Structures are given as C-alpha cells and as structure tokens.
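Trainee: I would like to go through this model with you. Please keep to what can be computed from the atoms.

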Amino acid sequence: SDDPDEPTVIVDLLGDPAPAPDIDLVPTTLNFGQVMVGASQTMTATIYNVGTDDLDLGALSVIGTSEFTITSDPSYATVAPGANVTVDVTYAPTGPGADAATVEIPSNDPDENPVYLSLNGEELPVPDIDADPWQVDFGDVDVGLSSTLTVSIRNVGGATLNVSGLSLAGSTDFSYHCGQLPGAIQPGGSVTVYVTYAPTDQAYD
C-alpha cells in the first residue's frame, strides 16, 4: 500500500485440514484373458485407504454380464488409514465371444465415490466332435455279400479338432476306411468315414 511506514503487511494464514478417507484401487482393470466354457478363473483387486480417516465401503455390485461374480466381497467393510481389503472376482463364461462388466465400489471418499473396477474376459474356443449318425444299421445283408454306409465326423466347435485315430470294437465283420483320419478337422468341417459290413456267418452282429 502507500502507507509510509508499512507498505507491506503480512497476514499469517493457519488451517488444519479435517481428516478424510482417500480410496485407491489397484489394479483398476482385471483382464481374465481366454477361459474355457465350463471352467472359471478368479482374480483379485485391492482397495487401499491412503487417507487420514476411516474408509467405509458400501455394497459392491457387478454391472453387466452375470458371467462375472464377486466371490470375496468386502461390502460394508471399514478400512483404517493405511490398511486395505481385497475383492475377488470370478469369471465363468457360458457362451462364445468377449465379455465385459464393471464392479461398482461405493464409499465415503469425499471426491471419488464410487470407483469402478473394469472386467474383461473371453471364451476360449474349443473343438466339439459330433458324429452323424451315431448309430449305423445295415439291416439284412447276405453272407458273402457286403454293404457300405457312411458316417460323418464333424467339428461343431470353435477350434481345430485333432482326431488321433479310429478303432472298431466288437465283431470283425465290420471294417472302416477313411483316408483323412487320423488328422485335423477345422471348425465347421467334416470328414466321411466309410463303414462296411460283410457277414461271414448267420450270427447276429
């Protein structure tokens, strides 16, 4: 100012911030990768309180597909300053394709409420063998003659099917021929097996 003997006045400012919780989520994304249908995988995230007051969690919930579930749930936990709790999430795919969801984590953090845990996963494609037909009935065939029918071996899955071999059990009056097996069948593909019945006696086969 233009005060002749006190041109500058210094005013001391004092304050004491009120204690407050501060949530920190590590990691913020769980990527489950590829998991087979019928199997499951569990991953863990950690909720830290890096603040100066108790962190009170609310009810955690999954937003999105039901193929993700919370299997270790810290809902309504009180986390002291410097402490942490964990949340386990399990992914169990039920069908083909990629899946995504989010875990909502509410709390009394004054400026980060809620925080979100992102979830990602995908079904691991697997082969699936199918035969058409599953039963071959040759009917009546005279002794000394033969009849040949076909069986289609198909891969109705999403990954390459590796067939290691074919074998017959039972009567030796049956035989088969397939020039493509053992071998691989691609998804959606099929291989034809030729099955021959040549009875050598009157006994039922």
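Trainee: Which residues form one aromatic cluster?

Mentor: This is a predicted model, where local features need pLDDT of at least 70 and side-chain atom pairs count only at pLDDT 80 or more, while totals for chains, interfaces and linings use all residues. Residues are numbered from 1 along each chain as its sequence is written, and side-chain values use heavy atoms, with hydrogens and water left out. Rings of Phe, Tyr and Trp (its six-membered ring) pair if their centres lie within 6.5 Å; planes under 30 degrees apart count as stacked, over 60 as edge-to-face and the rest as tilted. The one aromatic cluster is made of Phe32, Phe68 and Tyr91.

Trainee: How many aromatic pairs does the structure hold, and what is the angle between the planes of Phe32 and Phe68?

Mentor: The structure holds six aromatic pairs. In one of them, Phe32 and Phe68 lie 5.6 Å centre to centre and are tilted. This pair links strand β2 (residues 29-35), which holds Phe32, to strand β6 (residues 68-72), which holds Phe68, 36 residues apart; strands are DSSP runs of E, at least two residues, and helices are runs of H or I, at least four, numbered from the N terminus. The angle between the planes is 50°.

Trainee: Why does the pair of Phe32 and Tyr91 count as tilted, and how many residues apart in sequence are the parts it ties together?

Mentor: The ring centres of Phe32 and Tyr91 are 5.7 Å apart and their planes stand at 50°, so the pair is tilted. Phe32 belongs to strand β2 and Tyr91 to strand β8 (residues 84-91), so the parts tied together are apart in sequence by 59 residues.

Trainee: Is Tyr91 buried or exposed?

Mentor: Buried means under 20% relative accessible area, exposed over 50%, and partly exposed in between (1.4 Å probe, protein chains only). Phe32 has 3% relative accessibility and Phe68 has 2%, and each counts as buried. At 0% relative accessibility, Tyr91 counts as buried.

Trainee: Which residue forms a salt bridge with Asp130?

Mentor: A salt bridge is a side-chain nitrogen of Lys or Arg within 4 Å of a carboxyl oxygen of Asp or Glu, and the count comes to one. Its closest N and O atoms are 2.3 Å apart, and the partner of Asp130 is Arg154.

Trainee: Which strand holds Arg154?

Mentor: Asp130 lies in strand β11 (residues 129-132), so the pair ties together parts that are 24 residues apart in sequence. Asp130 is buried at 17%, whereas Arg154 is partly exposed at 31%. Arg154 lies in strand β12 (residues 147-155).
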